[in-house]
Amino acid sequence: MLLIKNGYIKTMAGPDIPKGCVLIGDDGKIVSVAESIECNDATVIDAQGRLVTPGCVDAHCHIGLDNQAMGWEGRDYNEAVDPITPQMRAIDSINPLDEAFGLALKGGVTSACTGPGSANVVGGTFVAIKLAGKRVDKMIIKDPIAMKCAFGENPKRVYGQGIKKSPTTRMATAALLRETLFKTKRYMEDKEAGKNPGFDMKLEAMIPVLKGEIPLKAHAHRHDDILTSIRIAKEFGVGITLDHCTDGSLIADELAEENLPAFVGPTFGSKSKIELTNKSFKTPVDLVKAGVKVSIITDAPVIPLQYLPMCAALAAKAGLDPEYAWKAITINPAESTGIGDRVGSLEPGKDGDVVIWTADPMTAVGAESAMTIVNGKIVYQA
């Protein structure tokens, strides 16, 4: 057992505990969070008054599929030969020994939702993983968590300018996604009726979307692309998350009506393409004011994953309440991606993923983890 004492505990499940304790059991689960805990059998860690939080969670990145310092050989996130590839699975591309994982843990990020890029209209499934481990099969929190789809510039650029096939327009992107959903619906109905439609791996992979078991994960920056993704999801009665949501400020009131989670980012850095024209750390501020549930994302490696807390801090500087900024990188992404029963807050029964910080990263530039704990085991120590 592991007992963290004398910490400023930010549980993300209730009020802060200015001087408190966290007890993690031998099974790696949190046993108790309280002002005072006594346990004679536990290894004691004195937090020395430092900030103690749940491990940070990124709702959208490509860690493990786009490896650092490996050039083209490490880019395993876009099967850019066919705009419809739902049969691709993130778990088959993840390299858990890439140095990005260790850097993320040092930065206080312990869980991430990672998967295919945005070259394809339908790209394959995302997986939620812990960032500590050597074998991805043992790092999985939930698989799959979503089916990646993409709107806007990326599919048009990859196929219209590169491979010279559809989609070359936004109309075609929407049509290809609709066609895939229509085919899946018919395929699924035939199977349920006892007919033999003939095995189709692509359509098999899409069935969980139609059944509501996983949502579409919609890459959409521009305002009209965001609304097109919602329109299609409504047509087929499927779930969807709004990933990137760069133009969210322009349609915040419209998005609030839909009651859908928005994963905002990557916001730090240059505006590298046209649909990033309105990129701003003010976007999460405007969305939250309108009533949208917001998570902040890095889209790593666009922003290295260890800088997720920095991105939240920059949103706070732009006007986002600092308490909400913490929610945007802990409990919000956990709940919005369907892993809130495991991570995102310090509560009894949840995984023992804890960060003891050198300083509060919302207010101190350069703050990082003094100690990172995943499943009750110390995986990083300064």
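# Rings, a patch and a proline

User: Which charged end sits over the ring of phenylalanine 126?

Analyst: The charged end of lysine 217 does. The distance to the ring's centre is 5.1 Å. Keep in mind that this is a predicted model.

User: OK. How many aromatic pairs are there?

Analyst: The structure holds 2.

User: Is phenylalanine 182 buried or exposed?

Analyst: Exposed, because its relative accessible area is 52% and the cut-off for exposed is over 50%.

User: And phenylalanine 236, buried or exposed?

Analyst: Phenylalanine 236 is buried, because its relative accessible area is 14% and buried means under 20%.

User: Now the tryptophans. What kind of pair do tryptophan 326 and tryptophan 357 form?

Analyst: An edge-to-face pair, with 5.9 Å from centre to centre. The angle between the planes is 70°.

User: Which elements does that pair link?

Analyst: A helix and a strand. Tryptophan 326 belongs to helix α9, residues 322-327. Tryptophan 357 belongs to strand β14, residues 354-357. They are 31 residues apart, in distant parts of the chain.

User: Are these tryptophans buried or exposed?

Analyst: Both tryptophan 326 and tryptophan 357 are buried.

User: Switching to the surface. Which residues make the nonpolar patch?

Analyst: Phe268, Tyr307 and Met310 make a nonpolar surface patch of about 280 Å².

User: Where is methionine 310?

Analyst: In helix α8, which covers residues 308-317. Methionine 310 counts as partly exposed, because its relative accessibility is 30% and that class lies between 20% and 50%.

User: Last topic, proline 54. Where is it found?

Analyst: Proline 54 is in strand β5, residues 51-54. At 1% relative accessibility, proline 54 counts as buried.

User: What does proline 54 contact, leaving aside its neighbours within four places in sequence?

Analyst: Its contacts include Lys10, Thr11 and Met12. Thr330, Gly344, Ser345 and Leu346 are also among them.

User: How many residues apart in sequence are proline 54 and isoleucine 331?

Analyst: They are 277 residues apart in sequence. In space, the two are 8.7 Å apart, C-alpha to C-alpha.

Terms used. Residues numbered from 1 in each chain as written. Predicted model: local features only at pLDDT ≥ 70, side-chain atom pairs only at ≥ 80, totals over all residues. Heavy atoms only, no water. Phe/Tyr/Trp six-rings, centres within 6.5 Å; stacked < 30°, edge-to-face > 60°. Buried < 20%, exposed > 50% of the residue type's maximum accessible area, 1.4 Å probe, protein only. Helix = DSSP H or I, 4+ residues; strand = E, 2+ residues; numbered from the N terminus. Lys NZ or Arg CZ within 6 Å of the ring centre and 35° of its normal. Patch = residues over 30% accessible without salt bridge, like charges linked within 9 Å, V, L, I, M, F, W, Y side chains within 5 Å. Areas by Shrake-Rupley, 256 points an atom, 1.4 Å probe, with all protein chains shown as cover. Salt bridge = Lys/Arg side-chain N within 4 Å of Asp/Glu carboxyl O. Contact = heavy atoms within 4.5 Å.
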